[in-house]
Amino acid sequence: MFKQLQEKHQLSILLILSIVSVFGITPFIIIRFIENNIVAALIDLAIVSGILTLVGYAHYTKKPRVISAVIALLVNIGVIAIIITNGINSMLWVYPVVAVTFFLVKPIEALILTLSNVAIIASIPNLFDVMPLNSYFTTNLMLAACAFVYASFGNKQLALLAELNSTDPLTGALNRRALNDDTLAAISRAERYNSTYLLAFLDLDFFKKVNDEFGHAEGDRVLKQLVSITNSHIRESDKLYRFGGEEFVLIIPEIPPKEQVSFINKLRETIKNELKTPTGNSVTVSFGVAAWVPGTTVASWFKRADDAMYQAKKQGRDCAVFSND
């Protein structure tokens, strides 16, 4: 979920950057051609053309991370080239380039790139006969420091937003929004690589009795403990989602067919042994499991797993039923 949110955020930034570059740099291309400053005009033209091409490619491939890094290098190299060509008259372009760099790449990467840029420009001969070198360093370092803090804070906020957007607030399990996205991704990967995937529905047996006998606070504790127990006994690649009420869903990738039944039943037994009411009675879980098969859709996969789970309920609960489809 965070990766998807970050991707959309980065694509938005690239789109805004392309618009700003066209309207911000194009007038200088025209002016420099009129003034017969051909080299500087061509550099500006190369920067704008490069940005537009790369942004278009990023939106086409949906891979903005690498493209953003390439654009960051392009604009930093471009500002060095334009300063070498135009001298002190183009020094002010350094500041927007520093700011843009922190929008394009990770804060630490932007800081390294900015400091390298500042050092290279400082080494250009005769450039600081007019502007004091210490003022140049101080203003750029202050801008880089402020941009670094802002970018770092922004990344943390984006990660927090992604977590809030994909996590069930009561149990800490992933929510249905994340389940829908991850199910589509699982089907896509399974179709492309013929991978093995299991979709398992988990439903707490007689959960209403827990609420009725011990109260909803105890019911909430049982739900949270179920998530804690499950997450501690599944693999890192397996994902647990709260589907609604006392019903949960597991997506289990890359598990060999001969290990599937033992994996599910071991998890079911673990929950039975560790999940207790205040009086020490076990809280059991019914499982309905469906493996991915060619032609599976999200709706059909959910239905097969749900049907299997209801069969487990009919068979007396505290058991796992695998779909035969």
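**A walk through the predicted chain**

Phe206 has a relative accessibility of 45% and counts as partly exposed; buried stands for under 20% relative accessible area, exposed for over 50% and partly exposed for what lies in between, with a 1.4 Å probe and protein chains only. This is a predicted model, in which local features need pLDDT of at least 70 and side-chain atom pairs count only at pLDDT 80 or more, while totals for chains, interfaces and linings use all residues. Residues are numbered from 1 along each chain as its sequence is written, and side-chain values use heavy atoms, with hydrogens and water left out.

Phe206 sits in the loop between strand 1 (197-204) and helix 8. Helices (H or I, at least four residues) and strands (E, at least two) are DSSP runs, numbered from the N terminus. The phi angle of Phe206 is near 55 degrees, a positive value in a residue other than glycine. Most residues other than glycine have a negative phi. Asn126 also has a positive phi, near 65 degrees. Asn126 belongs to the loop between helix 5 and helix 6 (133-166), and with a relative accessible area of 64% Asn126 is exposed.

The whole chain comes next. Its secondary structure comes to eleven helices and five strands. The radius of gyration is 28 Å, well over the 20 Å that the globule rule gives for 325 residues, so the protein chain is more spread out than a compact globule. That radius is taken over C-alpha atoms, and the globule rule is 2.2 Å times the number of residues to the power 0.38. Along its principal axes, the C-alpha trace spans about 85 × 40 × 30 Å. Buried residues account for 43% of the 325 residues. The protein chain exposes about 17,200 Å², of which carbon and sulfur atoms supply 62%; these areas come from the Shrake-Rupley method with a 1.4 Å probe, and for residues only the protein chains shown count as cover. Of the contacts (heavy atoms within 4.5 Å) between residues at least 6 apart in sequence, 67% join residues at least 24 apart.

Helix 5 (residues 107-122) can be checked for length. At 1.5 Å a residue, its 16 residues should span 22 Å, and its end C-alpha atoms are 22 Å apart, which agrees; the expected span is 1.5 Å times one less than the number of residues. The buried residues of helix 5 are Pro107, Ala110, Leu113, Thr114, Asn117, Val118, Ile121 and Ala122. They cover an arc of only 165 degrees around the axis, which puts them on the same side of helix 5. The arc is that of the directions from the helix axis to the C-beta atoms. An α-helix has 3.6 residues a turn, so residues three or four places apart point the same way.

Side chains of opposite charge can pair when their charged atoms come close. Twelve salt bridges are found in the whole structure, a salt bridge being a side-chain nitrogen of Lys or Arg within 4 Å of a carboxyl oxygen of Asp or Glu. In helix 8 (residues 207-214), Asp212 and Lys208 lie four residues apart, about one turn of the helix, and their side chains meet in a salt bridge at 2.8 Å, N to O. Asp212 is exposed at 55% relative accessibility, and Lys208 is exposed at 59%.

Helix 11 (residues 298-314) holds Asp307 and Lys303, four residues apart, about one turn of the helix. Their side chains form a salt bridge at 2.8 Å, N to O. Here Asp307 is partly exposed, at 37%, whereas Lys303 is exposed, at 52%. Asp238 and Arg235 form another salt bridge, with the closest N and O atoms 2.7 Å apart. Asp238 is buried at 4% relative accessibility, while Arg235 is partly exposed at 32%. A network of salt bridges links Arg268, Glu269, Lys272 and Asp318.

Two further residues show how positions come together. Asn281 lies in the loop between helix 10 (257-274) and strand 4 (285-291) and is partly exposed, at 46%. Leaving out residues up to four places away in sequence, Asn281 touches Leu275 and Lys276. Its C-alpha atom is separated by 12 Å from that of Lys209, which is 72 residues apart from Asn281 along the chain. Ser323 is in the segment after strand 5 (320-322) and is buried, with a relative accessible area of 19%. Apart from neighbours within four places in sequence, Ser323 is in contact with Val289, Ala290, Arg304 and Ala308.
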